[in-house]
Amino acid sequence: MEVEAEEREVGNKQIVFKGFVNGIPKETDMELKVGGTIKLRAPKGSGAILVKNLYLSCDPYMRGRMRKFYGSYIPPFVPGSPIEGFGVFKVVDSDNLSFKPGDLLSGMTRWEEYSLIEEHEQLRKFQKNDIPLTYHLGLLGMPGFTAYAGFYEVCFPKEGEYVFVSAASGAVGQLVGQLAKLHGCYVVGSVGTSQKVDLLKNKLGFDDAFNYKEEPDFCVALKRYFPQGIDIYFDNVGGAMLDAALLNMRVHGRIAICGMVSEQDLSEPKGIHNVFNLISKRIKMQGFLQSDYLHLFPRFVEDVTSYYKQGKIVYVEDLHEGLHSAPAAFVGLYSGKNVGKQLICVAKE
């Protein structure tokens, strides 16, 4: 006799966060847990949905959630519980009228094979089409929207301006550069390998690029690539590169502070020194979160989908296969091993 759906249980592998981290995360800070099971049924009256996770996203902001005292906009991970992050998943069972089995969604989930999701205000439903599912975690997801909102709503670009993007081959930076080119700007990016320099120049359409690890003086490097100065700096790294950019900004330049990857593993952040340029050059420098601009998300999806289908933009991904590969994929973000948006394939749709 066939087992009733509500009684069926399956194994549910998880990547568990072991404990708070000082310094750069290591694979041993996470653990693959293989012993648990889960019922393939959303409890009646819960309003929850039971999903099968297909793809998981590795994002730099997650590093901050590994600290006990972070003081940021999102709480730290809970030791002994699965890692949380953005994912693409398929509904297996639902106790919520807004979702039905078979629906494809993107949003916050846990690093495990199956998840019971009770909070669904920011889940996004989409149809399967000729756009890869993974793009809903990158190009059409949080990183893509971060690039779009930051570039247009913080940087206020004008045609012909000079744009510098740090960490330019990453999930956010690669789209910022391409949007800038579509807007008629001159664009240079900094990256950490010669392979990524080639990627920016030959595939992503940047006007130029350089390997910051080969530059003994960032200020001299920026002056070489921007002899007339920088109008817009889209900053993903902070630290010494931001300090150098301040010296090379033009009058009325704009700086979008998107990330501080160079600072996040320092017990005592070094900060910056050239802030007087904000006054003398009347520079606008602004930090932002993509969640500040969610009212623009539909327009973003429409615009970027159109650009992609017209072949005006491309997107580069780095996909690891299997949930077991998640710790290595995540840790690789902080040594620059990934080329493009870092993802984990848990299961094929």
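This is a predicted model: local features need pLDDT of at least 70, side-chain atom pairs count only at pLDDT 80 or more; totals for chains, interfaces and linings use all residues.
Student: Which residues make the contact of H1 with H2?

Tutor: Gly-144, Ala-147, Tyr-148, Phe-151 and Tyr-152 take part from H1, and Leu-175, Val-176, Leu-179 and Ala-180 take part from H2. By kind, these residues divide into eight nonpolar, one polar and no charged.

Student: What makes H1 largely enclosed by the rest of the structure?

Tutor: A residue counts as buried when its relative accessible area is under 20%, and 12 of the 13 residues of H1 are buried, so H1 is largely enclosed by the rest of the structure. Among the buried residues are Met-142, Pro-143, Phe-145, Ala-149 and Val-154. Just after H1 comes Phe-156, which takes a positive phi of about 45°.

Student: Why is H1 called roughly perpendicular to H7?

Tutor: H1 and helix H7 (residues 297-309) pack at an angle of about 100°, and their axes are 10 Å apart. Since the range from 65 to 115 degrees counts as roughly perpendicular, that angle makes H1 roughly perpendicular to H7. Gly-144, Phe-145, Tyr-148 and Glu-153 of H1 meet Phe-297, Arg-299, Phe-300, Asp-303 and Val-304 of H7, and the residues of this contact divide into five nonpolar, one polar and three charged.

Student: How do you know that Val-304 is buried?

Tutor: Val-304, which is found in helix H7, has a relative accessible area of 0%, and because buried means under 20%, Val-304 is buried. Leaving aside its neighbours within four places in sequence, Val-304 is in contact with Leu-139, Leu-140, Tyr-148 and Ile-313. The C-alpha atoms of Val-304 and Phe-145 are separated by 9.3 Å, although these two residues are 159 residues apart along the chain.

Student: Why does Asp-207 count as partly exposed?

Tutor: Asp-207 lies in the loop between helix H3 (194-202) and strand S12 (208-211), and its relative accessibility is 33%. Buried means under 20% and exposed means over 50%, with partly exposed in between, so at 33% Asp-207 counts as partly exposed. Not counting residues up to four places away in sequence, Asp-207 touches Lys-181, Cys-185, Tyr-186 and Val-187. From Asp-207 to Gln-286 the distance is 25 Å, C-alpha to C-alpha, and the two are 79 residues apart in sequence.

Student: What makes H4 oblique to H5?

Tutor: The axes of helix H4 (residues 218-225) and helix H5 (residues 239-248) come within 8 Å and cross at roughly 45°. Roughly parallel would need an angle under 35 degrees, and roughly perpendicular would need one from 65 to 115, so the crossing at roughly 45° makes H4 oblique to H5. The crossing of H4 and H5 is right-handed.

Student: Which residues of H4 and H5 meet?

Tutor: From H4 there are Phe-218, Cys-219, Leu-222 and Lys-223, and they meet Ala-240, Met-241, Ala-244, Ala-245, Leu-247 and Asn-248 of H5. The residues of this contact divide into eight nonpolar, one polar and one charged.

Student: How do you know that H5 is mostly covered?

Tutor: Eight of the 10 residues of H5 are buried, including Gly-239, Leu-242, Asp-243 and Leu-246.

How values were computed
Residues are numbered from 1 along each chain as its sequence is written. Side-chain values use heavy atoms; hydrogens and water are left out. Axes are lines fitted to C-alpha atoms, for helices over the stretch in contact, and angles run from 0 to 180 degrees between N-to-C directions. Helices (H or I, at least four residues) and strands (E, at least two) are DSSP runs, numbered from the N terminus. Angles under 35 degrees count as roughly parallel, over 145 as roughly antiparallel, 65 to 115 as roughly perpendicular and the rest as oblique. A crossing is left-handed if the near helix is turned anticlockwise from the far one by less than a right angle, and right-handed if clockwise. Contact means heavy atoms within 4.5 Å. Ala, Val, Leu, Ile, Met, Phe, Trp, Tyr, Cys and Pro count as nonpolar, Asp, Glu, Lys and Arg as charged, and the others, Gly among them, as polar. Buried means under 20% relative accessible area, exposed over 50%, partly exposed in between (1.4 Å probe, protein chains only).
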